[in-house]
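Here's a quick briefing to read alongside the model. Keep the viewer open and follow along.

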Amino acid sequence: MSAPLLKVTDLKKAYGAIQAVGGVSFEVQPGEIFGVIGPNGSGKTTLFNSMLGQISPDSGKIELNGQDVSRLGPLELNRRGVGRTFQTLQVFGKMTVRDNLIVAAQEHRGSMFSRMFEQDDSGLGAKADALINRFRIRHVAHLKAGTLSYGQQKLVDIAMAFMSEPDLVLLDEPCAGVNPSLVGGISTLLKDLNRTPTGSKKSSFVVIEHNMDFVMDLCHRIMVMVEGKVMAIGTPAEIRGNKQVLDAYLGA
Amino acid sequence: MNASRNPLAIGLIAAGALIAMAFPLLLKNYGIYLMTYWLVFVVATMGLNLTVGYAGQKSLGHAAFFGIGAYTVAIMMKAVLSWWLGLPAAALLCFVVGLILGFPALRVQTIYLAFATLGFNTAVWLVMRNEEWLTGGTFGINGIPRPDFLGWALTGNLAYYYFVLACTVVMGLLLLGLLRSPWGKAFTALRDNPIRAESLGIHIRNYTLLSFAIGATYAGVAGALFASLVDFIEPAPFAVGASIMMYLMVVVGGPGYFLGPLVGAAVGAVMPQIIPDIAPVLSNWYLPIFGAVVVLMMVWLPDGLLSLPDRIRAKRDSRKASEERMKAGRPAAGQGNAGGQA
């Protein structure tokens, strides 16, 4: 197996007396879709926030492409190739859908000074249009993102994370609040983006999601967290067959 | 703002230019003075519109920068330095002080930021009032001359009007260029959702500071033009009340609308001056009426007067979109297989 894209080693984070994450280690390979599941309070969000630089872990190490990124903030992480989506909708409501996509990647080009003289779309128009077509939001591309339906905004939100061709995309409950009929659509879309990326690079995904069917269908490997610790890591089939996981979480 | 190749937009720009050039010729001296006064406030509120309207930073200290610009030019001209030295000095000083005022905005937002900037305005105003050796205190500084432009004396009101008009156009085009560059989107992203913006690699610290600094620079330039227009300055026009008024001008015109300051400055700066002449009965009632109108606007038109066309368009668009959704028969999104997993 090649060198891992993301390597988390013995990550710990406590809030007062509560050990939210108590020594979690895992690796994500290039191009892999890695799922994280676990009951509420199992430490998924704390783990995610550490990987995104929103909080800094008490101890442990997070490495991206072999470099220690444990102490970096969200801005630096994004510049180094980490894209993300949020659990709740986070689009720029007063910008058009197309501008939302353009602004999602423009800061990766040139310097702040050079961008003052850059054209309106930063040369990203074609790329935005390609993603707009893949996400099938062409008919709303010229509308202000805030005026779209929830499902459409969710698609814009996910598309934004892919604009800068990140190495790693962290998807925080991509199905939360989404109409069941759209869930399958999002799954197909993500698999397709993973197989044939819009740009030249393949992205790895880490997905937190409560919708079990979605996770089992989408992910190559799944990590089950319980009370801040890793209970099991394995393929969907292995996780389904794991007696411990069944007892603790999936229920039979 | 995406109407640059629209014939209607070109027509409107041409009509606006014609009016701006020809209308003062029909006016008497005081009318020309008021037109110039209006343009000065247009330049000042253009800057505040960047800070507040585009970048979403609630600043109630804009009049302080307006004052710093005015006093810089006045003090330098008293020292027999050229206005043309005073203008860049005013702009630069405001840029630097604006940058510094941006730092609180990195820690506090919304109403707390408004209070921080308001405190700054009060401090600057106290310096203007109390440091008599520098500012003349409450007596102010009088006899501020008007500049020359390439050998032409701009002493006449009409000549000075055209000069201020040219400055306004130049400042407007610079701002338009900035807003149309990727910076414009970065500012808007900062306003709409700073956390999301940061996760997309947008350097929110730099953009926040620069939104203050550039906004303050516009106020500084406006202040320099103001000092030479009125020829006498004292601390009153730069007090906290003036900052609140400038904020209202942005709100009334339409925060985040490029042409908002044209409307806002007309309503907030010029109307109070002309109402006593055209409708003396109203003069005592101007402020209550203005206040009531603002309250009503906040309820029904929170994005300002210039948001009206957009509102109508948005309504039409969303109707069209829902018609299309109806035609498609289901929420129009995602890939073909809409069945979910069994």
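Which residue in the turn of the hairpin formed by β9(A) and β10(A) has a positive phi? That's A:Glu227, with a phi of about 50°. Bear in mind that this is a predicted model.

**The hairpin in chain A**
- β9(A) covers residues 221-226 and β10(A) covers residues 229-234, and the two strands pair in the antiparallel sense over five bridges.
- Two residues sit between the strands of this hairpin.
- If you want a landmark for the pairing, look for A:Met225, which stands opposite A:Val230 in β10(A).

**Strand β3 and its partners in chain A**
- β3(A), residues 33-37, is mostly covered, with five of its five residues buried.
- A:Ile33, A:Gly35 and A:Ile37 point one way from the strand, while A:Phe34 and A:Val36 point the other way; all are buried.
- One partner is β8(A), residues 204-208, which runs parallel to β3(A) and is joined to it by four bridges.
- In that pairing, A:Gly35 stands opposite A:Val207.
- β3(A) also pairs with β9(A), in the parallel sense and over four bridges.
- Here A:Ile37 stands opposite A:Val224 in β9(A).

**A helix pair in chain B**
- α2(B), residues 29-54, packs against α7(B), residues 157-180, at an angle of about 15°, with the axes 9 Å apart.
- Because that angle is under the 35 degrees cut-off, α2(B) counts as roughly parallel to α7(B).
- The crossing of these two helices is left-handed.
- From α2(B), the contact residues include B:Ile32, B:Leu39, B:Val43 and B:Tyr54.
- From α7(B), they include B:Leu158, B:Val164, B:Met171 and B:Leu179.
- By class, this contact has 19 nonpolar, five polar and no charged residues.

**Where chain B touches chain A**
- The contact takes 35 residues from chain B and 50 residues from chain A.
- On the chain B side, α7, α8 (182-192), α9 (194-199) and α14 (307-328) each supply at least two residues.
- α8(B) gives the largest share of that side, seven residues.
- By class, the side of chain B that touches chain A has 13 nonpolar, 14 polar and eight charged residues.

Terms used: Residues numbered from 1 in each chain as written. Chains lettered and ligands numbered in written order. Predicted model: local features only at pLDDT ≥ 70, side-chain atom pairs only at ≥ 80, totals over all residues. Axes fitted to C-alpha atoms, helices over the stretch in contact; angles between N-to-C directions. Parallel < 35°, antiparallel > 145°, perpendicular 65-115°, else oblique. Left-handed = near helix turned anticlockwise from the far one by under 90°. Contact = placed C-beta atoms within 7 Å. Nonpolar A, V, L, I, M, F, W, Y, C, P; charged D, E, K, R; others polar. Pairing = 2+ DSSP bridges. Buried ≥ 20, exposed ≤ 12 C-beta atoms within 10 Å, placed from the backbone.
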